[in-house]
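The structure is shown first.

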Amino acid sequence: MTIAPNNLVYDRPEAFTDMPTHYCPGCTHGVAHRLIAEVLDEMKVIDRTIGVAPVGCSVFAYNYFDTDFVEAPHGRAPAMATGIKRVLPDRIVFTYQGDGDLASIGMGEIVHAAARGENLTVIFINNANYGMTGGQMAPTTLPGMKTTSSPDGRDVETQGYPIRMAEMLSTLEGVGYCVRRSLHDPKNIRLAKKAIRTAFETQWRGLGFSMVELLSTCPTNWGMTPVNSLKFVEEHMVPAYPLGDYKITDPIKQIKV
Amino acid sequence: MAARGWIEVSDAYCKGCELCISACPQEVMELDMTRLTPKGYHPAHTFKEGCTGCAICALVCPDAAITVYREMTKVAAEAVV
Amino acid sequence: MSRELWKGNEAIAEAAVRAGLEAYFGYPITPQTEILEYLSRRMPKLGRAFLQAESELGAINMVYGAACTGARVMSSSSSPGVSLMMEGLSYIAGTEVPAVLVNVMRGGPGLGNIAPAQGDYNQAVHGGGHGDYPRIVLAPASVQEAIDLMALSFDLAEKYRMITMLILDGSVGQMMEPAEMPEMRSPNRKKFDWATDGALNRDRRVLSSIYLDPLAEEQTNFRLMQRWKEVMANEVRYKEYFLEDAEIVIVGFGTAGRVSLSAVRAARERGIKVGLLRPVTVSPFPYEVLDRLTGQARTFLVVEMNTGQMLEDVRLAVRGRVPVAFYGRTGGVVPFPDEILDEIQRINTEPVSAEADPRQSWLDRMTAIKA
């Protein structure tokens with residue numbers, strides 16, 4: 001049977017380059033990337049988007065999106081993005097950051113970009129450890145969770161408690177849209193995509209700072225299969241980082257995606 | 001009657017992570033243990049009839065390795081013409 | 001344009017605006033906060049980007065982002081804040097985008113004080129951020145010179161895709177002098193073929209300082225060095241005063257050079273054959289003219305507001321052919337002309353030893369006076 005256009009249900013997004021990713025098999029960085037690419041396709045903004053890559057596993061994000069991209073020092077992506085957006089206000093500028101980049105070294109930059117209400121979109125990948133450097137403790141590591149720098153499990157007495165970024169940033173008035181979703185099953189992936197779309201629409205309409213925190217897996221450093229990693233997110237991360245909408249201002253509530 | 005679909009899994013991108021296999025509601029996917037992709041992974045494929053073209057495999061795929069097709073129903077085909 | 005009284009910091013800010021500054025990102029720190037405050041009033045009125053960042057760290061990264069789009073962008077800070085910017089400068093250099101940074105230097109190290117100093121010469125000229133990268137460093141000695149060098153900073157940065165730093169001490173930033181502003185140049189963002197400003201009607205671009213393959217990184221380093229060769233060949237700038245028949249040559253940049261000029265004039269009135277070489281670019285350093293002066297001088301006297309940083313570059317140029325003496329005030333102390341006149345008279349009568357370490361001799365004299 002010849003394939004007509006109507007037969008096609010899903011194809012690789014246009015906003016993706018041809019390069020296969022370097023991420024570990026089953027790592028949900030790939031899912032997050034794909035959802036962003038699909039959103040950029042649907043909004044038809046590929047040629048006016050500038051991405052800011054972090055330091056972390058996704059340091060090479062600039063290889064995968066067919067848009068202009070810059071590479072930020074560790075944690076500084078929101079500041080670099082601010083610099084770009086302030087001189088090119090009509091472009092779509094987004095950062096893509098992991099736990100260390102956003103919640104540790106970059107804490108100052110993200111809080112202030114959010115407080116200033118910069119019209120930026122931040123995609124925050126929370127997988128409870130520092131992936132690229134081999135699985136060290138992150139600000140998002142769960143109490144008791146073993147990492148290479150908390151080998152006996154995170155001890156809250158000496159190593160403190162995890163930080164809930166979506167909740168924290170939602171207290172800032174400059175924030176328009178701040179939600180947490182997960183990538184651990186099809187239903188949640190669909191909700192995550194809607195959230196990413198809403199976040200980019202927030203920027204497109206100049207409605208303030210937008211962030212989508214995505215609970216993600218790290219099969220390699222968690223020492224689990226990709227499929228079991230999804231279960232870990234469902235059973236351990238979702239209870240610690242509840243999914244939900246932490247801030248949606250009224251104008252953004254009107255956006256239908 | 002259930003829709004009939006089929007998929008193509010690209011050897012260039014598939015890393016044999018098995019997320020699609022686990023997610024497929026029709027349970028028609030498995031790793032092809034008889035061959036390897038150029039990167040050395042066993043790619044996923046459908047191993048029996050039953051694919052409905054629901055695209056849940058493509059939804060969960062971290063590598064955008066899957067293209068999903070669905071046969072049109074007779075009604076839909078006539079609507080196009 | 002007529003001459004008006006301008007405060008150094010504000011003059012620098014206005015001169016940048018007239019040179020087509022499109023974006024300023026900064027943070028308050030004495031003694032340069034007037035630059036931030038002046039631009040906070042001026043830039044929004046012109047519809048240009050202004051933002052007080054959360055820290056110098058934020059500021060330099062905002063500069064980095066804007067620089068990647070090809071915009072004329074600058075930041076300003078003072079010594080401790082510039083230290084915070086070093087990571088950003090290395091990235092900017094590695095990505096080969098143009099940016100301008102003004103450092104109004106103060107006493108240090110550490111928190112130090114807010115008085116004028118030149119203690120960041122090494123940081124600006126030789127060190128700073130990690131890795132091998134060249135940078136252009138200009139050192140004005142007056143409000144007018146700072147104004148004149150501002151437009152040049154942007155032009156050089158863009159021409160060579162390099163960082164240009166303007167270093168001055170707190171006194172130039174704070175003093176008021178009559179000066180003339182240039183005409184307003186409207187920002188005319190050029191279309192650079194490397195800028196990431198959204199891939200409309202063109203292939204996408206990536207700007208990064210990552211070169212995972214060491215051989216590729218080495219090529220990048222070579223490229224930076226080749227470009228630096230061009231800078232060295234074309235962009236050296238300095239001022240010469242009373243050097244035609246000078247036997248004693250003073251070398252000083254910025255305020256140290258300016259104060260030395262008063263001492264040189266006083267010494268000439270006393271019949272001492274002394275002159276002043278004042279580098280305007282401390283990077284690229286005026287090695288050639290110093291090399292030439294080695295032929296005529298019997299001694300050099302380096303005057304700085306630090307413990308001897310440019311001293312080493314002078315010694316490198318002189319290569320031991322002629323003795324080099326040193327006089328410095330540091331920690332925020334500004335030398336007076338009579339101190340330098342005393343030095344000139346001293347070395348005019350007692351020859352400077354070629355073997356003695358100039359810094360140690362100076363230190364001994366300075367600490368002996370205290371005792």
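## A buried aspartate and the chain contacts

B:Asp63 counts as buried because it has 26 C-beta neighbours inside 10 Å, the cut-off being 20 or more. The model is predicted. B:Asp63 lies in the loop of chain B between α2 (56-60) and β4 (66-70). B:Gly53, 10 residues apart from B:Asp63 in sequence, is 18 Å apart from B:Asp63 in space, C-alpha to C-alpha.

Two pairs of chains touch, and the pair with the most contacts is A and C. Chains B and C do not touch, and their nearest C-alpha atoms are 20 Å apart.

To the contact between chains A and C, chain A brings 27 residues and chain C brings 34 residues. On the side of chain A that touches chain C, at least two residues each come from β2 (49-53), β3 (68-71), α2 (77-87) and α4 (107-115) of chain A. Of these, α2(A) gives the most, with eight residues. The classes on that side of chain A are tabulated here.

| Class, side of chain A that touches chain C | Count |
|---|---|
| nonpolar | 12 residues |
| polar | six residues |

Opposite A:Phe69 stands C:Val206, in β9(C).

How values were computed. Residues numbered from 1 in each chain as written. Chains lettered and ligands numbered in written order. Predicted model: local features only at pLDDT ≥ 70, side-chain atom pairs only at ≥ 80, totals over all residues. Contact = placed C-beta atoms within 7 Å. Helix = DSSP H or I, 4+ residues; strand = E, 2+ residues; numbered from the N terminus. Nonpolar A, V, L, I, M, F, W, Y, C, P; charged D, E, K, R; others polar. Pairing = 2+ DSSP bridges. Buried ≥ 20, exposed ≤ 12 C-beta atoms within 10 Å, placed from the backbone.
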